[in-house]
Amino acid sequence: EMVDEKANWMSLTRDQIGGKRLGDIIMPGSHDAGTAGIDETSFLVDRNILFIIAEQFEPMIIANWSKTQESTVGEQLNAGFRSFDMRIADLEDEDGSFRWWHGMAGHEIQMELQEISDFARDHPEEVIYLEFGHFAKPGDKDRPTVPIPDYRKDIIAEILLEFLEPYMALQSELSSNPTINEILSTGKNIILQMNDAHIR
């Protein structure tokens, strides 16, 4: 049986990287991850005046700018990516969903959270680093985006726990800059940095 080197690079190099701290390892990463689902029909989250004008005349321009990857997060994980910048938009007033976003909104978050969960389960020696920030709702004429209310953040927290909790290392079990071996010794392989105090 052939081992997929990209999907298993951390376990294959564990002898070299196991004792290294997370902050000392250069790993492939993805900025504005989760935007593969954006197209010209996507909801506009960042309602700045330039985007609003462009959306009326040529929505493909904003879609092309907003979409930073062609691949889903699961496909990126299989290609060797281990670090992800995750941004969630609350479309409570549009279709009630939570979606990844960068300018426009992409897939509902559940799709890629399932991919992350499946990968973490199937590759227990691959450490995945997820950073969550830039939580927003589509704005109004005065502000391009507005904050997500706490009661909706509570739902985001529940969704994240539903998919990721079995694989998330607890901060209380780790040093501030843990080694790969230290992380994996917890029996978990997801490090989640939450940049929202309410959700954290």
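User: Is Leu-12 buried, exposed or partly exposed, and what is the number?
Analyst: Leu-12 is partly exposed, with a relative accessible area of 48%. Buried means under 20% relative accessible area, exposed means over 50%, and partly exposed lies in between (1.4 Å probe, protein chains only).

User: What should I know about the model itself?
Analyst: This is a predicted model; local features need pLDDT of at least 70, side-chain atom pairs count only at pLDDT 80 or more, and totals for chains, interfaces and linings use all residues. Residues are numbered from 1 along each chain as its sequence is written, and side-chain values use heavy atoms, with hydrogens and water left out.

User: Where does Leu-12 lie, and which residues does Leu-12 touch?
Analyst: Leu-12 lies in helix α1, residues 9-12. Helices (H or I, at least four residues) and strands (E, at least two) are DSSP runs, numbered from the N terminus. Not counting residues up to four places away in sequence, Leu-12 touches Val-3 and Glu-5. Contact means heavy atoms within 4.5 Å.

User: And how far is Leu-12 from Glu-125?
Analyst: In sequence, 113 residues. In space, 9.1 Å, C-alpha to C-alpha.

User: New topic. How do helix α3 and helix α4 pack?
Analyst: Helix α3 (residues 49-57) and helix α4 (residues 59-66) pack at an angle of about 125°, with their axes 5 Å apart. The axes are lines fitted to C-alpha atoms, for helices over the stretch in contact, and angles run from 0 to 180 degrees between N-to-C directions. So α3 and α4 are oblique to each other. Angles under 35 degrees count as roughly parallel, over 145 as roughly antiparallel, 65 to 115 as roughly perpendicular and the rest as oblique.

User: Which residues make that contact?
Analyst: From α3, Phe-51, Ala-54, Glu-55 and Phe-57. From α4, Pro-59, Ile-62 and Trp-65. By class, the contact has six nonpolar, no polar and one charged residues. Here Ala, Val, Leu, Ile, Met, Phe, Trp, Tyr, Cys and Pro count as nonpolar, Asp, Glu, Lys and Arg as charged, and the others, Gly among them, as polar.

User: What about aromatic pairs: how many are there in the whole structure?
Analyst: A search finds two. Phe-51 and Trp-65 form a tilted pair, 5.2 Å centre to centre with 55° between the planes. Phe-51 lies in α3 and Trp-65 in α4, so the pair ties together parts 14 residues apart in sequence. Phe-51 counts as buried at 14% relative accessibility, while Trp-65 is partly exposed at 46%.

User: Which rings make the other pair, and why is that pair tilted?
Analyst: Trp-100 and Phe-132 have ring centres 6.2 Å apart and planes at 40°, so the pair is tilted. Rings of Phe, Tyr and Trp (its six-membered ring) pair if their centres lie within 6.5 Å; planes under 30 degrees apart count as stacked, over 60 as edge-to-face and the rest as tilted. Trp-100 is in strand β3 and Phe-132 in strand β5, 32 residues apart. Both are buried.

User: Switching to charges. How many salt bridges does the structure hold?
Analyst: The structure holds 15. A salt bridge is a side-chain nitrogen of Lys or Arg within 4 Å of a carboxyl oxygen of Asp or Glu.

User: What is the N to O distance for Glu-94 and Arg-47?
Analyst: It is 3.3 Å. Glu-94 lies in the loop between β2 (83-91) and β3 (97-102), and Arg-47 in the loop between β1 (29-33) and α3, so the pair ties together parts 47 residues apart in sequence. Glu-94 is partly exposed at 29%, and Arg-47 is partly exposed at 26%.

User: And what about Lys-137 and Glu-92?
Analyst: Their side chains meet in a salt bridge at 2.8 Å, N to O. Lys-137 lies in strand β5 (residues 128-138) and Glu-92 in the loop between β2 and β3. Lys-137 counts as buried at 9%. Glu-92 is partly exposed at 24%.

User: Last one. Is Asp-32 buried or exposed?
Analyst: Asp-32 is buried, with a relative accessible area of 1%. Asp-32 sits in strand β1. Among the residues Asp-32 touches are Asp-85, Arg-87 and His-102.
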